[in-house]
Amino acid sequence: MRTIKIFLTLFMAAAGAVSAAAAVPWDEDRPEFKFFQEKGHYDEEAWDKLPAEEQDNALKTVKEAALERQAAVRKDYAAASRKWDAQQARYYADALNNRELKAVYLWVGSAEGHELAHKATVVRSMLDKAAAEGIKDSDAQALAPYLTPEAITQLRSMKFAADLAQKQKAGIKAKGPGSQSTAKLDKFAAGAASKMDAGKLSNLYTGSKASGDAAVELSAGALKAGGKLPGSAAPNATAAKTVKYIPPAALDEANKAKSTALTSDAYGVTLETTEGTKTFRKTADADAAIKKLPPGSVKKITFYGHGSPGMQMVGEGSYDSGSAAELLKGKMAKGGVIQFAGCNTASIGGATLNPAVGISMVARRLLYFSLPYFQDRADGVPAAQAKEQWEKGWNADLAQETSMGVKGAIVCGYRTFGLVPGRLPGVTALLGNQEATTPGYVAGKKACYQDGKEVPVP
Amino acid sequence: MTDLYYILETILLVAAPFVPVAAGVILRRKFPAAAEGAPPPTPGQKAGRLVGNLLLWCGIAGLLFIVIVVLNFKGKI
């Protein structure tokens with residue numbers, strides 16, 4: 001027995017000695033080898049030529065630094081792979097150069113590196129496009145996986161801001177956004193800002209049309225005794241003998257809140273709470289109002305505007321499942337309803353015999369898959385990557401995803417394009433609802449979810 | 001291969017809304033309206049023309065719907 005023990009001990013010691021002296025094969029998965037590659041210390045060929053002892057020393061020397069580097073790159077990647085806000089988008093668009101991307105390829109993985117490179121390319125091109133010509137709904141949809149809704153909103157308003165700055169620089173009177181009602185605001189603009197002086201500003205309030213620019217001629221005759229200065233009243237008379245209140249003319253009932261615009265500019269947020277109903281045109285106002293509400297007070301909220309798979313726009317603002325859930329978490333009353341009144345805010349669902357729903361499905365596939373897929377291919381994006389991205393996005397279900405974030409609430413969206421008669425060109429002018437904040441009747445297939453499961457439409 | 005598959009899919013999807021229009025036109029030609037002096041159409045011919053009319057006009061309505069959808073997508077309405 002003792003002999004066997006001695007033999008085993010000697011055998012183990014010999015085996016250990018052999019393994020210590022054995023050459024270490026090149027292993028690209030080990031952090032030390034990634035470190036060698038990044039720093040250019042060794043490649044596989046040079047490594048194989050190293051004596052085993054030197055290999056061992058080299059591995060021991062870089063082990064700690066390699067682990068630190070790996071942790072740092074992975075941390076940076078985790079930050080960069082989240083949705084970017086506007087500031088981060090600009091930062092990463094500049095900062096993600098080839099060197100940075102190579103590090104991601106090496107330390108995190110080639111798929112992750114490829115995805116990040118694509119993200120940077122898309123965001124970079126959209127930043128340029130936003131500044132040059134503005135971005136469209138399809139562009140916003142392409143950016144949805146990469147940027148926060150707030151950042152997309154900012155990009156959408158970049159062109160308007162740039163144009164405004166350029167016009168102000170050129171001395172052209174600034175115009176409001178192109179809706180009929182805002183166009184009327186231009187009437188208050190009294191020339192370029194630089195020409196506005198205190199006199200003109202006061203005229204805005206007094207209603208006087210005298211510009212004060214005309215030269216006053218002081219002829220000898222005019223200054224005779226008892227004579228009047230041109231345009232002045234009798235010296236001792238008050239400016240007005242009686243001050244008469246003239247009430248403003250009543251608005252023609254038919255013209256109240258009416259617009260003659262041919263196309264619709266209708267969007268808004270309608271909030272039904274225990275205290276009543278409020279509507280908002282600006283998402284910022286709606287968000288602020290919702291944040292002030294006590295928990296469990298929202299009975300129904302309707303987001304109305306253009307929709308696309310995974311995203312609901314409300315004018316210049318937009319919501320995805322994350323931002324909507326964050327905004328409404330805890331605010332919904334029991335059985336409260338969140339309604340996304342925008343096209344394609346739910347997935348297409350199962351097969352149908354309804355031809356209109358079928359046409360809508362065809363149109364959705366063409367507009368939100370085929371079109372962006374071929375655009376990406378034309379831009380040189382690999383087929384597999386373009387396929388993965390758009391196959392994932394074209395049938396996104398905003399309502400279902402939001403319902404998983406706002407537990408207990410019923411979240412509804414449209415499986416189809418929603419046809420709102422009041423939005424049709426011409427009809428909107430007839431109805432005078434160009435800036436309506438609620439959709440009224442919507443011809444579309446609705447789907448509702450509660451905690452991610454489909455429920456009947458309430 | 002992926003591109004080819006998607007090109008074929010796109011062609012089929014684009015063609016789909018035109019199928020009822022084409023079918024409607026074919027049926028209307030096959031079962032024309034009765035001319036003066038001609039024998040009255042049989043119930044089968046009447047049904048054929050009715051189906052042709054339905055397909056044609058529903059198809060046209062479908063195409064108009066797609067135009068509206070595209071305008072909506074472009075943010076025009």
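Trainee: How many residues does the contact take from chain B and from chain A?
Mentor: The contact, meaning heavy atoms within 4.5 Å, takes 19 residues from chain B and 29 residues from chain A. This is a predicted model, in which local features need pLDDT of at least 70 and side-chain atom pairs count only at pLDDT 80 or more, while totals for chains, interfaces and linings use all residues. Residues are numbered from 1 along each chain as its sequence is written, chains are lettered from A in the order in which they are written, and side-chain values use heavy atoms, with hydrogens and water left out.

Trainee: What area do chain B and chain A bury between them?
Mentor: About 2,200 Å², with 72% of it on carbon and sulfur atoms. Buried area is the accessible area (1.4 Å probe) that two parts lose on being put together, summed over both.

Trainee: Which three residues supply more of the area on chain B than any other three?
Mentor: Tyr6(B), Phe73(B) and Ile77(B), which supply 33% of the area that chain B buries against chain A.

Trainee: And how many salt bridges are there between chain B and chain A?
Mentor: Two salt bridges are counted between chain B and chain A, each a side-chain nitrogen of Lys or Arg within 4 Å of a carboxyl oxygen of Asp or Glu. One of them joins the side chains of Arg377(A) and Asp3(B), at 2.7 Å from N to O.

Trainee: Changing topic, where is the disulfide?
Mentor: The structure holds one disulfide over all chains, a pair of cysteine sulfur atoms within 2.5 Å. Cys412(A) is joined to Cys448(A), S to S 2.0 Å. Cys412(A) lies in strand 8 (residues 410-414) of chain A and Cys448(A) in strand 9 (residues 446-450) of chain A, 36 residues apart.

Trainee: What is its handedness?
Mentor: The link of Cys412(A) and Cys448(A) is right-handed, with 105 degrees about the S-S bond.

Trainee: On to the strands: what order does the open sheet of three strands have?
Mentor: The order is 4-5-6 in chain A, with antiparallel pairing; two strands pair if DSSP finds at least two bridges between them.

Trainee: Which strands stand at the edges?
Mentor: Strand 4 (307-308) and strand 6 (317-319) of chain A each have a single partner strand, so one side of each is left without a neighbour in the sheet. Strand 4 pairs with strand 5 (residues 311-314) of chain A over two bridges, and Ser308(A) stands opposite Met311(A).

Methods
Helices (H or I, at least four residues) and strands (E, at least two) are DSSP runs, numbered from the N terminus.
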